[in-house]
Amino acid sequence: MNTKVFNVKMLPLTILKYLSLIFFSFVAVLPVVSCVITAFKTEEEYQTTNVMVLPQNWLYFENFKEAFTKANMGRAFVNSGIILVFVLVCSVFIGTQLAYVLNRFKFPGNGLIRSLFLFASLLPGVAMQIAVYQIMYNLHFINSLLGYIIMMCGTDVISIYIYIQFFENISISLDESAIVDGASYFTIFYRILFPLLKPAIITSCILKGVGTFNEYYAASLYLQDKKKYGTVATSLYTFVGPLGSKYNLICAGVIIALLPALIVFITCQKQIYSGLTAGAVKG
Amino acid sequence: MKKKRTFGEWARSRDGQKLFVIMAFMIIPLVLLFVFTYLPFGEMFGYSFYNMKYTGARKFVGLKNYAKVFQRDDCFKALKLSFYYMAGSVVQLVLALYLATVLSFRVKGGGLFKGLMFFPYLINGIAIGFIFKFFYTRGFVFDSVLQWCGFELDNLPYWLKDQSINNWSLVGTSVWRYFGQNMVLFIGAIMSVDNDLYEAAMLDGANKAQQFMYIILPSIKTIITLNVILSITGSLSAFEPPYVITSGANGTGTYFVVMHEIAHTQQKVGLASAMAIVLLAIILTATGLQKLFFKYVFRSAEDEDINATKKREKRLARMNRAKARS
């Protein structure tokens, strides 16, 4: 409202509104902030001060250095990077092509294929890994980045739905006029439609990217050799066991691992929100 | 009559091209779908009738694995932990709905609040595990904050060990992780409501509560329904919080944590497969029932509207006729 009417009756409500927002924001950041505080403490400080007491020196980076080397995170970042790039590139091609065919062509089985993908999304991943493990084993995909990448490229119903929705909004007359000009279907897809899909591709890449970067369950099953094939998520397992109570070190590791997500979030906030919303209205 | 074409001609024709492009674009996704979803699904169904490990000999045992799922103390009974997670998701949805409604209207610093509350969703599961092990450790973050508020440390329980509270502690982490994400979804849905509706309502003198009841709620019921269905399914298959924080110790082992343990540590693949199939059947039934339920609820609401409109039209017609006669 542009009119500045000071409504006395609304004042308590407004205060309550802001208090609740501040409270829940505090709840959301507290666990992470406490980690940041502890990550900057020296061993001695960590032992002697309360966890919520601020560190003496905010430029004490030894914990980060030690966590980075102990958990072999350099290697982990390289592996995660390789996995991320390949999974994203492959799933963009696979997803857009599939959506193109499902949206533009009528053929027997079209509906069936859509249902097959939809049903697949209902199957809980943790349960499926029991049998997927056996298949990965038979394919010699255990401890193989390639195998893990191929598995991760598999069904990703949400991006497929984002692409299909997007195709529905691209006029089919575009295809038709290209057909009249004698263009092949491949030309139509790659030269005309694919460039138009850019917003949908960005959206689904952000969603899939965050999911892939954070994935740890399958990674811990199939990339068991943590030294060679650890990802950023699984490299944190190093801190289970003897290092399990050195929280100044662990917190530093956690902060390093969530830094990429934080950077992506700050730079692509809008796309992440809109991507989530687009993915959710598939039903 | 059509002239018979050679294969080469056919392949160059539109029909041939169409078939070719369909095949070329679908073969990879379908193979992946088959190899990593439906083949394992079928295999798993098969495994559930055997006593077997990942390697070595297997023995056919019929339905014994299924019987065990219901008899063993740690299997089927673990499902009762789902109720904690269901209660948690109710809290989560209500909280998300409240915050989304508040943030959909002009709020100072709205973007910042939204970002802060959403960010937990982007942290990976293992990191969350460590963060909360740290958070709940005796005398650490949570205890310190409670002490600021005047609680005595001696009166506080061990959040992850005390069996009367530890499941709630874990559910709390799950709510913490997802309420911001739900909130963003709801904000998206509320924003898509036509702005004119609010203006009209304000002109008519509707207050905030009425606006919420009669404009916001009806227009986002689809997404709420979807989230209710997802959260019940999610509660049945709750896995991450106990897996990464307590490893299922001290009575926090949900059904899937137990299943993971049986499959990958004890290597009783047959029993674990039977557990998976049983839960899958429950989830599918629950999803189906909920869909039917919501369909019924919404359709009957719409039917009422149609009837009401018809009645009104009839009344109007009668009045018009009466007018015409007089």
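Which residue just after α13(B) takes a positive phi? Q267(B) does, with a phi of about 55 degrees, and the legends below lead up to that spot and beyond. This is a predicted model, in which local features need pLDDT of at least 70, side-chain atom pairs count only at pLDDT 80 or more, and totals for chains, interfaces and linings use all residues. Residues are numbered from 1 along each chain as its sequence is written, while chains are lettered from A and ligands numbered from 1 in the order in which they are written.

**View 1. Chain A as a whole.** Welcome to chain A, with its 15 helices and 0 strands (DSSP runs numbered from the N terminus, H or I of at least four residues for helices and E of at least two for strands). Its radius of gyration is 24 Å, well over the 19 Å that the globule rule gives for 283 residues, so chain A is more spread out than a compact globule. That radius is taken over C-alpha atoms, and the rule is 2.2 Å times the number of residues to the power 0.38. The C-alpha trace spans about 75 × 70 × 35 Å along the principal axes of chain A. Domain 1 (11–60) and domain 2 (73–231 + 259–280) divide chain A, with bounds from an automatic or database domain assignment. The C-alpha centres of these two domains of chain A are 37 Å apart.

**View 2. Where the two chains meet.** Here 67 residues of chain A are in contact with 64 residues of chain B (contact means C-beta atoms, placed from the backbone, within 7 Å). On the chain B side, helix α2 (residues 14–47) gives the largest share, 19 residues. That side holds 49 nonpolar, 13 polar and 2 charged residues. In this count Ala, Val, Leu, Ile, Met, Phe, Trp, Tyr, Cys and Pro are nonpolar, Asp, Glu, Lys and Arg are charged, and the others, Gly among them, are polar. For the complex, the predictor gives an ipTM of 0.88 and a pTM of 0.86.

**View 3. Chain B and its two domains.** Look for 14 helices and 2 strands in chain B. Its domain 1 (1–37) and domain 2 (68–302) have C-alpha centres separated by 45 Å. The average pLDDT of chain B is 87, and 90% of the residues score at least 70; pLDDT is the predictor's confidence in each residue, from 0 to 100.

**View 4. Helix α13 of chain B.** Mostly covered, helix α13 (residues 255–265) of chain B has 8 of its 11 residues buried. A residue is buried if 20 or more other C-beta atoms, placed from the backbone, lie within 10 Å of its own, exposed if 12 or fewer, and partly exposed in between. Among the buried ones are Y255(B), F256(B) and H260(B).

**View 5. A glycine in helix α6 of chain B.** Find G129(B) in helix α6 (residues 125–136) of chain B. G129(B) is buried, with 24 other C-beta atoms within 10 Å. Leaving out residues up to four places away in sequence, G129(B) touches V244(B) and I245(B). Q211(B) is 82 residues from G129(B) along the chain, and their C-alpha atoms are separated by 40 Å.

Methods: Two residues are in contact if their C-beta atoms, placed from the backbone, lie within 7 Å.
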